[in-house]
Amino acid sequence: MAPFALSHTTTGGERLYALDAEAARCGLQVGQSVSDAKALEPMLQLRPADPAGDIRRLAALARGCGRWSPWTAPDPGRPGEDGVLLEITGCAHLFGGEDALLAETLGALRRQGHSAHGAIAPTIGLAWGLARHVAPGRPTGQVITDDITTALAPLPVAALRIGDTAATLRRFGLKRIGDILDLPRASLTRRFGRALVDRLDQATGRTREVLNPLQPVTPFRARTRYVDALLLLDGLKQGVHDTATGLCEALEQAGRGVTRLDLHLFRVDGKTHLLTLGTAAPARDARHIARLFNEKLDRAEIDIGFGIEMIELTARATDRLGERQDGLVDDGRIDETDLARLTDRLVVRLGESKVQRAARRASHQPERAALWRPAMNASVHAMPARAGSGRSMLAVAEPVPTGALLPPPCRPLLILARPEPAEAVAEIPDGPPRSFVWRRVRHQVDRAEGPERLAPEWWREGLWQAERPARTRDYFRVETREGRRFWLYRDGLYGLETTRPQWFVHGAS
């Protein structure tokens with residue numbers, strides 16, 4: 001078999017990125033130039049490396065290791081030396097003890113085609129060193145429970161994760177960690193830097209090192225493991241419902257509802273599927289959650305493979321959800337819970353970007369007071385609409401800071417997205433319009449109410465109205481002789497901001 005290697009281009013030219021066993025036996029080394037490697041082994045087969053793809057695959061492998069612990073993290077290293085860190089505190093007894101857990105983990109990884117070594121230790125540093133620096137004659141899986149110093153001493157200094165500092169230590173004759181364990185910390189810091197002492201303290205347990213998990217730590221998580229893997233979609237849907245039931249029980253005890261959920265499906269062959277959904281309002285109804293995920297399962301065309309052996313539901317975001325009292329009489333009002341569930345189903349079917357809700361923005365300008373937000377935006381909350389309100393006062397709105405804005409007056413049923421210019425006849429300086437021409441039609445005003453004066457948002461001048469400076473607006477509600485009602489405003493104060501005020505039609509009833 002011809003030796004095989006991956007190569008990548010660096011600042012020093014094209015170099016070897018990873019080697020197979022045959023290439024390593026030929027004396028080739030990672031980081032060696034491709035030209036030198038070809039000179040040593042003319043039969044070398046090369047393919048371009050994909051470092052970004054390696055990182056993605058390592059993250060997928062770490063996510064797949066979630067079947068043994070909910071807290072896993074990818075640990076990238078040199079090519080061919082990548083690893084995964086697992087926090088197994090409180091998990092080992094579920095698999096028959098630490099030895100059985102380690103054996104099961106390494107066995108599963110090797111069946112997937114990986115060359116795996118592992119170790120269980122009280123500190124991350126010791127476990128990392130034992131797994132990556134296996135001495136000849138020692139087992140590839142070790143479990144260290146208490147004597148950290150004895151296990152750490154025979155390891156090479158490179159096991160401390162100190163990079164190029166390891167080569168410097170070896171030049172001074174310090175080849176093993178045991179050679180520096182008893183040396184004064186001040187001398188080590190002065191000669192080799194603070195990083196060496198920090199890593200040494202982390203490995204020995206003097207300084208705590210925290211694992212940064214791939215999945216955020218959450219108190220609301222439910223799992224269901226199966227002795228016989230699930231092979232049919234109907235069984236998978238039932239399993240999602242059972243898992244959601246356990247999650248909702250925990251949420252109910254805490255008085256919380258879920259707003260963002262992750263569903264992890266662990267296949268027998270080590271691969272995982274991740275489905276995510278959000279809810280328009282906090283929810284803890286297992287049937288509703290299962291129904292949403294079932295629709296996603298139907299559309300995602302999940303490849304079950306040889307079967308799903310574990311289902312996990314994680315509440316990534318939650319909110320308070322108290323008990324709800326139903327009314328005794330049906331008064332015809334829309335049930336907020338039903339509206340939220342309808343929104344959830346529409347989002348699952350159409351996508352989050354396709355389902356939006358109207359929201360209120362803190363602005364005095366009517367055309368800026370309303371906007372559209374994604375229906376799953378947690379910052380948008382329901383607010384009751386006032387009778388007779390238009391698009392500037394909407395049924396779903398952002399909470400306005402106390403004292404920031406007073407509730408706006410009633411607006412017309414129709415507010416134009418952009419005010420349209422009109423020609424008006426009015427008394428100077430601030431009288432209501434007597435007549436106006438809009439869209440080539442003249443209207444005679446019979447009644448007028450106003451003005452409602454809106455000051456310009458001076459802090460936004462030049463941003464949202466860059467074509468001209470913002471001016472004060474005087475709004476009038478008018479009724480024509482034909483009985484039609486319009487909402488007009490005069491742009492600019494006569495004599496102070498302009499000598500020729502302009503009129504605009506902004507709404508109609």
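**Strand pairing, burial and packing in a predicted model**

Reader: In the predicted model, in which sense do β1 and strand β2 pair, parallel or antiparallel?

Author: This model is predicted. A hairpin of 2 residues joins β1 to β2. Over 6 bridges, β1 and β2 (residues 13-19) pair in a sense that is antiparallel.

Reader: Which residue in β3 stands opposite A5?

Author: Strand β1 (residues 4-10) also runs parallel to strand β3 (residues 45-48), and 4 bridges join the two. In β2, the bridge partner of A5 is L19. In β3, the residue opposite A5 is L46.

Reader: How many residues of helix α5 are buried?

Author: Helix α5 covers residues 124-132. Its buried residues are I124, G125, L126, A127, W128, G129, L130 and A131, and they pack against β4, β5, β6, β7, α6 and α9.

Reader: Is S435 buried or exposed?

Author: S435 is found in strand β17 (residues 433-438). Leaving aside residues up to four places away in sequence, S435 touches E423, A424, V425, R442, H443, Q444 and V445. A residue is buried under 20% relative accessible area; S435 has 7% relative accessibility, so it counts as buried.

Reader: What is the relative accessible area of L342?

Author: L342 lies in helix α12 (residues 336-350). Together with L339, L346 and L350, L342 makes a nonpolar surface patch of about 370 Å². An α-helix has 3.6 residues a turn, so residues three or four places apart point the same way. L342 is partly exposed, with a relative accessible area of 48%.

Reader: Which strands stand at the edges of the open sheet?

Author: The open sheet has 4 strands in the order β8-β11-β9-β10, with antiparallel pairing. Each edge strand has a single partner strand, so one side of each is left without a neighbour in the sheet; the edge strands are β8 (221-230) and β10 (272-283).

Reader: What angle does the direction of helix α11 make with that of β10?

Author: Strand β9 (residues 256-267) and β10 run antiparallel, joined by 8 bridges, and L265 stands opposite H273 in β10. Helix α10 (residues 233-254) packs on the sheet, touching β8, β9, β10 and β11, and its direction makes about 35° with that of β11. Helix α11 (residues 286-300) also packs on the sheet, touching β9, β10 and β11. The direction of α11 makes with that of β10 an angle of about 140°.

Definitions and conventions: Residues numbered from 1 in each chain as written. Predicted model: local features only at pLDDT ≥ 70, side-chain atom pairs only at ≥ 80, totals over all residues. Heavy atoms only, no water. Pairing = 2+ DSSP bridges. Buried < 20%, exposed > 50% of the residue type's maximum accessible area, 1.4 Å probe, protein only. Contact = heavy atoms within 4.5 Å. Patch = residues over 30% accessible without salt bridge, like charges linked within 9 Å, V, L, I, M, F, W, Y side chains within 5 Å. Areas by Shrake-Rupley, 256 points an atom, 1.4 Å probe, with all protein chains shown as cover. Salt bridge = Lys/Arg side-chain N within 4 Å of Asp/Glu carboxyl O. Axes fitted to C-alpha atoms, helices over the stretch in contact; angles between N-to-C directions.
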